[in-house]
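Here are my notes on this model, jotted down while going through it. Have the chain open next to you as you read.

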Amino acid sequence: MAKLSTDELLEAFKELALIELSEFVKKFEETFEVTAAAPVAVAAAGAGAAAPAEEVEEKDSFDVVLEAAGDKKIQVIKEVRALTSLGLGEAKALVDGAPSTVLEGANKETAEKAKAQLEEAGATITLK
């Protein structure tokens, strides 16, 4: 197999769907026994420990996490598609793969609106 440059790899990743890229990261982590999230967690833990005297700020960024699709899976898939730019297959894979993140870094209003819409469709949602 020919060795790919960093730019060639990035171009190949740009062509992947979000679900395909997520699956690639999982396989990469398993193959090389590494965790992509570890450095972020360490940096976040270090930042929190460095300033214990500061007041706790209200969270302004939320992740909308689908815990379970419930009985009305088709309605939940429709809502996921409405909230994201995912296609039908990607939205179905996200719902089938619950628990999974529907929206990342959403503001409070958007996250609560998405939670309400998905719960109305029958899904179990948590905000993180």
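Which residue in E2 does Val-65 stand opposite? That would be Thr-101.

1. **Ground rules.** This is a predicted model, where local features need pLDDT of at least 70 and side-chain atom pairs count only at pLDDT 80 or more, while totals for chains, interfaces and linings use all residues. Residues are numbered from 1 along each chain as its sequence is written, and side-chain values use heavy atoms, with hydrogens and water left out.

2. **Overall layout.** The chain has 6 helices and 3 strands, and reading along the sequence gives α-α-α-β-α-α-β-α-β. Both kinds of element are DSSP runs numbered from the N terminus (helices are H or I with at least four residues, strands are E with at least two).

3. **The sheet.** The 3 strands make an open sheet in the order E2-E1-E3, with antiparallel pairing. Strands E2 (100–106) and E3 (124–127) are the edges; each has a single partner strand, so one side of each has no neighbour in the sheet. From one strand to the next, the twist averages 20° (axes are lines fitted to C-alpha atoms, for helices over the stretch in contact, with angles from 0 to 180 degrees between N-to-C directions).

4. **Strand pairs.** Strand E1 (residues 62–68) is joined to E2 by 4 bridges, and E1 also pairs with E3 over 4 bridges. Pairing here requires that DSSP finds at least two bridges between the strands. Besides the pair I opened with, Leu-66 stands opposite Ser-100 in E2, and Ala-68 has Thr-124 in E3 as its bridge partner.

5. **Ile-125.** Take a look at this residue of strand E3. Is Ile-125 buried or exposed? Its relative accessible area is 6%, so Ile-125 is buried (buried means under 20%, exposed over 50%, partly exposed in between, with a 1.4 Å probe and protein chains only). Leaving aside neighbours within four places in sequence, Ile-125 is in contact with Val-64, Val-65, Leu-66, Lys-115, Leu-118 and Glu-119, where contact means heavy atoms within 4.5 Å. Pro-99 is 26 residues away from Ile-125 in sequence, yet their C-alpha atoms are 9.1 Å apart.

6. **The core.** The largest nonpolar core has 20 residues, and those touching the most other members are Val-64, Leu-66, Val-76, Val-80, Val-95, Val-102 and Leu-118. At least two residues each come from E1, helix H4 (73–83), helix H5 (88–96), E2 and helix H6 (108–120). Such a core is a set of buried Ala, Val, Leu, Ile, Met, Phe, Trp, Tyr and Cys residues joined through side-chain atoms within 4.5 Å. Not counting residues up to four places away in sequence, Val-80 touches Leu-86, Ala-91, Leu-94, Val-95, Val-102 and Leu-118.

7. **The Phe pair.** There is 1 aromatic pair in the structure. The ring centres of Phe-24 and Phe-28 are 6.0 Å apart with planes at 40°, so the pair counts as tilted (rings of Phe, Tyr and Trp, its six-membered ring, pair with centres within 6.5 Å; planes under 30 degrees apart are stacked, over 60 edge-to-face, the rest tilted). Both residues lie in helix H2 (residues 18–32), 4 residues apart, about one turn of the helix. Phe-24 is partly exposed at 36% relative accessible area, and Phe-28 is partly exposed at 39%.

8. **Whole-chain numbers.** Of the 128 residues, 19% count as buried. Among contacts with a separation of 6 or more, 66% are between residues 24 or more positions apart.
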